[in-house]
Amino acid sequence: SREPFFENVNGISFLKVTGGWGQLGNQEVANLQYLALVASGRRYAFGADGSTQVVGASLSRIPNQNISWETAEMLNFGLEIGLLENRLFGTFNYFIKDTKDMLLAPPTVGTIGRTDVPDQNVGELRNQGLEMELSYRGNVGDFTYNLSGNAAFIQTEVTRLFDGNFLASRFYGRPNQEIARTFEGEPIGTFFGWTTDGLYQNEGEINNDPNIANDPRREAGLIQPGDVRFIDLNGDGLVDEQDRTIIGDPTPDVTYGFNAGFGYKGFDLNLFFLGVAGVDIYNADRMQGLDASYPFNLYAEAEDRWTGEGSSNDIPRATVNRDNLNFRTSDLFVESGSFLRLKNLTLGYTLPADVTSKIGMTNLRFYVTGQNVFTITDYSGLDPELGYVDGNLQRNVDYAQYPQAQTWVFGLSAGF
C-alpha cells in the first residue's frame, strides 16, 4: 500500500504481501551421539547363586556413527490487509514446514538393558496449513468494542519413515497394549486398534458371527454374551493382531480463539474463548474405569453395563476374566475431543476521576476475573484440554490427569 500505483485504491488502507524461506537445525538433542560411552562402577554377579560380585565397566550408550543434523525447512506466504481505516484488519499466512532427517530415539526392547540408545534420523515430517486472524474495533457513542479471532488449519503428515516402518507407543495397563502408531502417510501418534460392532446379546449371535467363525476362543466357550463384538477386517474368520486399523486422529483439524472487549463509561468487560474441532481423544482412564479386573473403584457408568439381553450395547459385562479382552485398544474408547471454552472473563468498574480525586486517589478499579468459566464439549472425561503427550510417539491420550480448575478472583487496584 506504500507503492505509488496504490494511491488511488479506495477502501483498502493497508496491504502488505510477505514471503519467506529458511532452514533451521535442531539443537535440542544430546551432544556427541556418534561416540560410545563407557560407565564404570557397574556390578555383575557370577556363580550359580550370584554371590560373587565384580565391579567393572560396561557400555552405557551405543554410538550412532551415521547421525546427522535434523533440518527444518520452512516456506511461507502471507497477506496483511486493513480496511475502513484499519478498523478491520486481517492477517493470513500459508506455510509448508518440512522436517528432514528427523531425530528421535526409537522404542527399544527391555533386553537391551541399561544401555542408552542414541537418536536416529528416522524420517521426514510435513506440517502445512493456513493461519488467519481478523480484528475489528469501533464505537457507538460511549460504547466501545474490539473483536478479534484467530484460527489455524494445520495438517500433519509423516512423509517418510526408515525402511517404511512404524513407531509404536504403549499404554502400561493390564495387559500392556499399544494405543498409537506413527505411520508413513498419517499424522504423528495415530490411534491404532480394533473396530467394534456392539456387544453379543445371546449365544445365537456368538454362534452365527462370521467374525469369529474360526476363532478357537469361541469353540472353547471363552466368548460370552455381554462381550464386545470385534470386527474381522481381513475376512479370515479370526479376530487377531492382523485386524487392527486406524481408529482415530489426535491432531485437530482446526484450533481457534476469540477475544472480545467492551467498554461503557467506567465499565469494561473482556472475554477470551478458545477451542479445537475435528480431534479425537483416547480415553484410557475410561478404559480402566469400566474394567472390573482392576483393583480400584469403577466408573459410576459401570452401573449401566450389560447385565442381560438388551440391557446395553456399549458397556461390556463385568468380569475379572480377560478371555475376550473386552478392554483392548479399540474404538470403544475413542471420543471426540472438540470443545469450546471460555478461558478467561474479566469484568471491571473504574470510578470516575472526579470521585477518586475527592478521596485523594488517582484511580480506583474493582474487578472480578474468572478462569475456565465454562466448557462446551461432548467428551465424557474430566477435561478435553488435557491430552498426555509422549514426544512423537503418543498424543491426546487421557490418563486421568488432574483437570484445570475453575477459579474466580475478586480484587481492586488503587492509585494514589
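Buried means under 20% relative accessible area, exposed means over 50%, and partly exposed covers the range in between. The model to which this scale is applied here is a predicted one.

**Exercise 1.** Classify Tyr94 by its relative accessible area, and find the surface patch to which Tyr94 belongs.

Solution. Begin by placing Tyr94, which lies in strand E5, residues 88–104. Finally, look at the surroundings on the surface, where Tyr94 forms a nonpolar patch together with Trp21, Leu75, Phe77, Leu130 and Phe153, with about 600 Å² of accessible area together.

**Exercise 2.** Determine whether Gln288 is buried or exposed, and identify the polar contact of its side chain.

Solution. Gln288 is found in helix H3, which spans residues 284–289. Its relative accessible area is 17%, and since this is under 20%, Gln288 counts as buried. The side chain of Gln288 is joined to that of Tyr294 by a polar contact of 3.3 Å.

**Exercise 3.** Describe how strand E7 pairs with E6 and with E14.

Solution. Consider E6 (residues 120–140) and E7 (residues 143–161), which pair in the antiparallel sense over 18 bridges, with Gly129 standing opposite Ile154 in E7. In the hairpin of these strands, 2 residues lie between E6 and E7, and Gly141 takes a positive phi near 65°. Then turn to E14 (residues 254–264), which runs antiparallel to E7 and is joined to E7 by 10 bridges; here Asn146 stands opposite Gly261 in E14.

Terms used:
Residues numbered from 1 in each chain as written. Predicted model: local features only at pLDDT ≥ 70, side-chain atom pairs only at ≥ 80, totals over all residues. Heavy atoms only, no water. Helix = DSSP H or I, 4+ residues; strand = E, 2+ residues; numbered from the N terminus. Buried < 20%, exposed > 50% of the residue type's maximum accessible area, 1.4 Å probe, protein only. Polar contact = N/O pair within 3.5 Å; in protein donor to acceptor, adjacent residues only side chain to side chain. Pairing = 2+ DSSP bridges. Patch = residues over 30% accessible without salt bridge, like charges linked within 9 Å, V, L, I, M, F, W, Y side chains within 5 Å. Areas by Shrake-Rupley, 256 points an atom, 1.4 Å probe, with all protein chains shown as cover. Salt bridge = Lys/Arg side-chain N within 4 Å of Asp/Glu carboxyl O.
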